[in-house]
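I opened a new notebook page for this structure.

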Amino acid sequence: MKLQKLRLKILKTFLTFNAMKKYFVLILLCTFSNTINSQEYRKYWKDGKLTWDDFQAQPTQNNPTYLAYVLMYQTDKKVIDDVTYYGVFSDAYIDKSLSFVHHNLKDEHHLEYNQVIFNLVEIHKRKLQKRIYTLNNIYEVNPLFSDSKSQLEREVYNFQEEGNYGIQLDVTTQWLLRTSEELAASPAFEIPDFRKSNWTYGLYGGVDFGFYGDTYNEVFNSTIAMSLGFEFSYKKVFMGLNMNFTNSKLNTDLMDDSFIIPQGERSTIGLLNGYFGYPVYETKKFRIMPFAGYGLTFLSEAGNEDNKQETSAATSIFGVNFDLKNKKTVNFTPSLFDIREEGNSYFRARIFMSNSNFNPTLKGYSINIGLFYGIEGRFLSKK
């Protein structure tokens, strides 16, 4: 009896699990179906001219025809020619589920009458986008939108009044021709055109693989250093500040005057330098930039002790950067600190030589090969 009850309990649990699984799948299917259907009521101007399928609502007693249009704006992004634009974008569409025309009025003329209104909505959407480009900050969007919406409503009203709500056929024809020509003469989305600052700014980080020569080769092993850099440019002249840190187990005693670290211990090696560079080859995707600079090499005892010894020497560097630009972005609507900016990320391969001289028995050079990821940007302003 106990075994039979256990079997019944297991069977009941299995059936309940299957029922729940089917119910969950049904919910997912319904959600997916509703998401698809929720988009079907919208028609954008780019989808083509109006057809009678775009009027799906039932006419009312007071209005024989009605085109339900929406003018709006939203924060979004667009990708055009491999450039990602972030900002506030205007948008417009008609709501097919709320639009209607009485069946006695379904002729070519009334379709053109509503097409004029659809054209006006698209025209004012594009005008709104151009006005958004002129904003001083993002908080000015709402009053700007209210004004654009009022202008649209006024122009639609002027068209309806002038043509006596579609009765004057020649008026509808004139407005249809004029609005169609205006739309054909303007792009659906105009890429913002701003004045670019001559200055750029950025930072990068990665690793340097170091190989040592001269007496350094007798003291240090090859190392991997963590590296961080800040970089600026004015027009095509680049200026940077770079620092990297690593440590190496000593093959011999490390000595510089009273500074001594015995063989077998570890020494921290730091390099801090400033440099200037100039690109000798640059495209939208690639840049080759030789550079040269000056700085300091630091040697100290490894560890976190407050009283650890340290010594330094002047260091000269020269090398070449190879940059593969990855992703360009433009933020054209000012938000934080009312700033517009453009920027891009990049992958950098770098090879450079540093040379320093602590004393006659401790001098030499290092050859460094680095791999980095960086970002850079520049400010934009209204023309």
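How many bridges join strand β3 to β4, and do they run parallel or antiparallel? I counted 12 bridges between β3 (residues 69-80) and β4, and the two strands run antiparallel. I note here that the model is predicted.

**Entry 1: strand β4 and its partners**

I stayed with β3 and β4 for a moment. Asp76 has Gly87 in β4 as its bridge partner. The two strands form a hairpin, with two residues between them. I checked the turn and found Asp81 there, with a positive phi of about 55°.

Next I asked which other strands pair with β4. Strand β1 (residues 42-43) pairs with β4 over two bridges, in the antiparallel sense. I found Lys43 opposite Ile94 of β4. Strand β15 (residues 310-331) is joined to β4 by four bridges, and these two run parallel. There I looked up Thr84, whose bridge partner in β15 is Thr329.

Is β4 mostly covered or mostly open? I found that β4 (residues 83-95) is mostly covered, with 12 of its 13 residues buried.

**Entry 2: salt bridges**

I turned to charge. Side chains of opposite charge can pair when their charged atoms come close. I counted 18 salt bridges in the structure. I looked up three of them.

Then I looked at Glu282 and Lys325. The closest N and O atoms of this salt bridge are 2.7 Å apart. Glu282 lies in strand β13 (residues 281-282) and Lys325 in strand β15, so this pair ties together parts 43 residues apart in sequence. Is Glu282 buried or partly exposed? Glu282 counts as partly exposed because its relative accessibility is 34%. Lys325 has a relative accessible area of 13%, so I wrote it down as buried.

My last pair was Lys328 and Glu342. Their side chains meet in a salt bridge at 3.8 Å, N to O. The pair links distant parts of the chain, with Lys328 in β15 and Glu342 in β16, 14 residues apart. I looked up accessibility again. Lys328 is at 33%, so it counts as partly exposed. Glu342 is at 11%, so it counts as buried.

I also found a network of salt bridges. It links Glu231, Glu282, Arg287, Asp323, Lys325, Arg348 and Glu376.

**Entry 3: helices α3 and α4**

I moved on to two helices. Two packed helices are described by the angle between their axes and the distance between the axes. Helix α3 (residues 141-162) packs with helix α4 (residues 169-184) at an angle of about 145°. Their axes are 9 Å apart. I noted the crossing as right-handed.

Which residues meet there? From α3 I listed Glu155, Asn158, Phe159 and Glu162. From α4 I listed Val171, Thr172, Trp175 and Arg178. I sorted the residues of this contact by kind: three are nonpolar, two polar and three charged.

Note on methods:
Residues are numbered from 1 along each chain as its sequence is written. This is a predicted model: local features need pLDDT of at least 70, side-chain atom pairs count only at pLDDT 80 or more; totals for chains, interfaces and linings use all residues. Side-chain values use heavy atoms; hydrogens and water are left out. Buried means under 20% relative accessible area, exposed over 50%, partly exposed in between (1.4 Å probe, protein chains only). Two strands pair if DSSP finds at least two bridges between them. A salt bridge is a side-chain nitrogen of Lys or Arg within 4 Å of a carboxyl oxygen of Asp or Glu. Axes are lines fitted to C-alpha atoms, for helices over the stretch in contact, and angles run from 0 to 180 degrees between N-to-C directions. A crossing is left-handed if the near helix is turned anticlockwise from the far one by less than a right angle, and right-handed if clockwise. Contact means heavy atoms within 4.5 Å. Ala, Val, Leu, Ile, Met, Phe, Trp, Tyr, Cys and Pro count as nonpolar, Asp, Glu, Lys and Arg as charged, and the others, Gly among them, as polar.
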